[in-house]
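Here is a short report for a first look at this chain. Keep the sequence and the model in view while reading.

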Amino acid sequence: MSGAPTAGAALMLCAATAVLLSAQGGPVQSKSPRFASWDEMNVLAHGLLQLGQGLREHAERTRSQLSALERRLSACGSACQGTEG
């Protein structure tokens, strides 16, 4: 997955989204509530999607590293038990 976003890229996108949304101005003092526009919702949804994909990739990478470590420790344990006798 060389073209897939990383967790860092997803976090940067979320931070940029927060900055852009907050740069639109302070809270509006109106009697009716202000709802987010479709564009704002799409940007937020896209950022959350990328964040989720980045976190999933990070979890899969960590899981594979732990599996490799477990295999190495198992092989070392077997080798150490064979030399004790």
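The secondary structure of the protein chain comes to 2 helices and 0 strands. Helices (H or I, at least four residues) and strands (E, at least two) are DSSP runs, numbered from the N terminus. This is a predicted model: local features need pLDDT of at least 70, side-chain atom pairs count only at pLDDT 80 or more, and totals for chains, interfaces and linings use all residues. Residues are numbered from 1 along each chain as its sequence is written, and side-chain values use heavy atoms, with hydrogens and water left out.

**Surface**

The protein chain has 85 residues, and 11% of them count as buried. Buried means under 20% relative accessible area, exposed means over 50%, and partly exposed lies in between (1.4 Å probe, protein chains only). The accessible surface comes to about 7,000 Å². Carbon and sulfur atoms hold 63% of that surface. Areas come from the Shrake-Rupley method with a 1.4 Å probe; for residues, only the protein chains shown count as cover.

Trp38, Met41, Leu44 and Leu48 make a nonpolar surface patch of about 480 Å². Patches take residues with over 30% relative accessible area and no salt bridge; like charges are joined within 9 Å, nonpolar side chains (Val, Leu, Ile, Met, Phe, Trp, Tyr) within 5 Å. Met41 sits in helix 2, which covers residues 38-84. Met41 counts as partly exposed because its relative accessibility is 41%.

**Salt bridges**

Side chains of opposite charge can pair when their charged atoms come close. A salt bridge is a side-chain nitrogen of Lys or Arg within 4 Å of a carboxyl oxygen of Asp or Glu. By this rule the count comes to 2 salt bridges.

| Salt bridge | N to O distance |
|---|---|
| Arg34 and Glu40 | 3.3 Å |
| Arg56 and Glu60 | 3.8 Å |

Take the pair of Glu40 and Arg34. Glu40 is buried, at 11% relative accessibility. Arg34 is exposed, at 54%.

Now take Arg56 and Glu60. Both lie in helix 2, 4 residues apart, about one turn of the helix. Arg56 is partly exposed, at 42% relative accessible area. Glu60 is also partly exposed, at 37%.

The side chain of Thr62 reaches the backbone oxygen of His58 at 2.9 Å. A polar contact is a pair of N or O atoms within 3.5 Å; within protein, one must be able to donate a hydrogen and the other to accept it, and residues adjacent in sequence count only if both atoms are side-chain atoms. Thr62 is partly exposed, with 31% relative accessibility.
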